[in-house]
Amino acid sequence: MSSYYNFKKIQVIPGSEDLLNIILSKIQRKTPTVIHPGYKISRIREFYMRKIKFAQDCFDEKLDHITGEFPKLDEIHPFYADLMNVLYDRDHYKLALGQISKAKHLIDSVAKDYTRLVKFGDSLYRCKQLKVAALGRMATIIKRQKDSLTYLEQVRQHLARLPSIDPNTRTLLVCGYPNVGKSSFMNKLTRADVDVQPYAFTTKSLFVGHMDYKYLRWQLIDTPGILDHPLEDRNTIEMQSVTALAHLRACVLFFIDLSEECGFSIDAQLNLYNTIKPLFAGKPTVMVVNKIDKKRMEDLDAPTRERIEAMLARDGVTLAQQSCYTDEGVIAVRDTACDLLIAARADMKLRSHRVQDVLNKLHVAQPQARDDVARPAFVPEAALERQRAAKEMVRDPDTGELVPLKRSMTLARDVEAEHGGAGVYNVNLKDRYLLANDDWKQDIIPELMDGKNIADFIDPDIAERLAALEEEEERLIAEGFYDDNTPDLTPAELETRARAKIIRDKKALARAAHSSLATMPRMELHGRLDPRPERITRRLNTLPILARRLAAKGKDLPATAQLMRSVSQGGWRAAAEDPAYARKPSEVMKMRRLEGDQKNRQLMGLAPGKAQYNQAIKEVRFTQRGPNLMAKRGESDRHIMTKMPKHLFSGKRTIGKTDRR
Amino acid sequence: MRLEKCFFCSSNVYPGHGMMFVRNDSKIFRFCRSKCHRNFKLKRNPRKVRWTKAFRRTAGKDMTIDSTLEFEKRRNIPVRYDRDLMATTLKAMKRIKEIKARRESVFYRQRMAHKHAQEKAENQKLVDDMVDLADIPAEEIQQAMRLPEVSGGQRQNAMETA
């Protein structure tokens, strides 16, 4: 709230010359500067209109700022309005602001006129002259405001130095004749450090200090001294005091000096009191008798004292005595004044209509007594005993300190100390387990058994469930659930099984022997023994290989034929005898030539027939096998060679052998 | 301390083994070994991977419905330690394990019952087809399979004889 009436934030008001310089340089900086006679006339007009309008905007902004920032006398607190009237003269102030605002309007109309004229400018020169004229007229208007601007700058500087008085807060207002000790009182209570001198009108303006009382912030205002003469004759300094007295809702401390050291008689001081009394109306007032180290109320002659007392009684003014020199009664004065003000403010609040809004919301609930039965707190006898024991103190023979006769109870820290202290003793949490049997407390609880979590099996009714399972088991046994119903094998079947096992073993043997050979192209490995078509020979099983080999060795066992037959239904002999396969060689050759597509590029350049082709394919595959196994790049993979090999292009010079690296 | 089940293969995860993955919705996945973790990261469904317990259960290869399986459960009801109850439980666990093993063997036998006839037929066929293979000595078979291949001339001869 106090910052609301802080006039320190008003910006500096430049003088008329400065203002012009600021704005002209701004126009130069912020509008385009390059223009040629050859440009289109509309562009030239636009260029100069922009300059004029920009100048208008700048002036408007600046002047608006000035008029907007200064406080409006009708809107601020009457105290400040009156104070400003006293200090700066209300009429002068309003006139200055009014002139500024009028200048703004004049500039606006100038700008409006000249932009209209520029619209009809027929050359760059004419447009430029119009612009110069417009700016010139604006400058003239501003120059005429020189005095207003200077005045406003002075007002601004003075306003910024005004004490920031909050008109609405708790305030003590010190007033009285010059030299009665108002500023000394201020210095006693606050840290305002007001100048105190032994001559009249040391204090020429209002001063503010702050203090604390009852945890509240208080504002103490020191005013210049007032002389006893009519209001019209008062000077500016006195008028400030009067303004403060008139407008601030404060506790007024009227200081009088009974010792008359200030140079004014008691009568004069009392007259002043009577003169300015109307200003105290409705405010708590304290008559402070200062300098009681010199003269007290009690030291006065009876008639004067009675006169004063009668006056006080009539106006309901409290009397307080103090001495800033000996500090006697200073705090008492402060307390009296503050309490009076608090009471007055509370009273005012209670009388306002707003208090009802708050009171409606307040309700203090009071519980109703159920009956008259007394229900004191129950403290167990043991607890009381323990308290009594703890109170009995004895002197410790070692340290000489008073210690309780006996510890009220054994604490966990006592146990710790007994068992080796911190870091050694380990709290046994198992002691606090709540189990059915205390013997079980220290048991090591098993967690795992046979790859199972024991916790998963823990179930209070496991015994019953296990019994049910056993019952079910018995029933199943009785039902023959576990009987093996697999039919027994006959001796012949057993024989077959044994023999089949032998055959399987032999087959496995043959397979193992075969697979242990070094890997070679299969076609190469077993060649071709028979004229059977590809279809049959492709079925490369271990058994036919075995059969062929045995046959080649002359072991014409009956088994060989059987083995063959087992491979292909009907056997290979049957296939060989099949007329479909028995073709004449010439016929076969003819067929192959027909088959060989002359456009097939894979066959081009190869002898007719498949032999050379097959050979070629076989060799290709053989060469690719290694790289393929390692997943390497092969000939046939698509590959883009480096188009610009770095080693051939880097580090070249114009001469010398650096052409090649 | 607890034995956890692997999320992927449902085997035991012993304390200090395997790894745990906590997803950002705070669901916990435990893995018994890197194999399971890797399969999880490949987004494989344990029900479709043949070596997992989940597959065996869904494919009917493991016993899933039985009263012995009702004993092991996470009950989530805290029970105060009781020495007698613990003793009963340990005994029960051993007994349950026994019964379960027996039932599993029956389950397996039943699952394999239809194999007998098939096996018998296969044996018969093998014996009928290759009765002589049984008579060829093992050394001879091995030697024959290790022999180098017949040469081109022999091949020609063989063709002619054929």
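This is a predicted model: local features need pLDDT of at least 70, side-chain atom pairs count only at pLDDT 80 or more; totals for chains, interfaces and linings use all residues.
I begin with helix α4 of chain A, residues 90-118, and its partner α2 of chain A, residues 41-69. Their axes lie 9 Å apart, and the packing angle is about 170 degrees. Since angles over 145 degrees count as roughly antiparallel, α2(A) is therefore roughly antiparallel to α4(A). On the side of α2(A), the contact includes Arg45(A), Tyr48(A), Met49(A), Ile52(A), Phe59(A) and Leu63(A). On the side of α4(A), the residues include Leu97(A), Ile100(A), Lys104(A), Ile107(A), Asp108(A) and Val118(A). By class, the residues of this contact comprise 13 nonpolar, four polar and six charged.

Helix α4(A) also meets helix α3 of chain A, residues 78-88. Here the axes come within 7 Å and cross at roughly 90 degrees. An angle from 65 to 115 degrees counts as roughly perpendicular, so that is the relation between α3(A) and α4(A). From α3(A), the residues involved are Met84(A), Asn85(A) and Tyr88(A); from α4(A), they are Arg90(A), His92(A) and Tyr93(A). Three nonpolar, two polar and one charged residues make up this contact.

Which residues are closest to its centre? Among the 40 lining residues, they are Lys452(A), Lys5(B), Arg57(B), Glu72(B) and Lys100(B). The lining divides into 21 charged, 13 nonpolar and six polar residues.

Several elements each supply at least two lining residues: β10 (452-453) of chain A, and, from chain B, β1 (4-5), β4 (28-31), α2 (53-58) and α3 (83-112). Helix α3(B) provides the largest share, with 10 residues.

Finally, I come to the backbone. Most residues other than glycine have a negative phi. Lys214(A), which is not a glycine, has a positive phi of about 55 degrees. Where is Lys214(A) placed? Its position is in the loop between β2 (207-213) and β3 (216-222) of chain A. Asp327(A), also not a glycine, has a positive phi of about 70 degrees. This aspartate, Asp327(A), is found in the loop that runs between β6 (318-321) and α11 (330-351) of chain A.

Note on methods: Residues are numbered from 1 along each chain as its sequence is written. Chains are lettered from A and ligands numbered from 1 in the order in which they are written. Side-chain values use heavy atoms; hydrogens and water are left out. Axes are lines fitted to C-alpha atoms, for helices over the stretch in contact, and angles run from 0 to 180 degrees between N-to-C directions. Helices (H or I, at least four residues) and strands (E, at least two) are DSSP runs, numbered from the N terminus. Angles under 35 degrees count as roughly parallel, over 145 as roughly antiparallel, 65 to 115 as roughly perpendicular and the rest as oblique. Contact means heavy atoms within 4.5 Å. Ala, Val, Leu, Ile, Met, Phe, Trp, Tyr, Cys and Pro count as nonpolar, Asp, Glu, Lys and Arg as charged, and the others, Gly among them, as polar. On a 1 Å grid over the protein atoms alone, a cavity is a set of points where a 1.4 Å probe fits but cannot get out, and a pocket is an open set with protein on both sides within 12 Å along at least five of seven lines; lining residues have an atom within 4 Å of a point.
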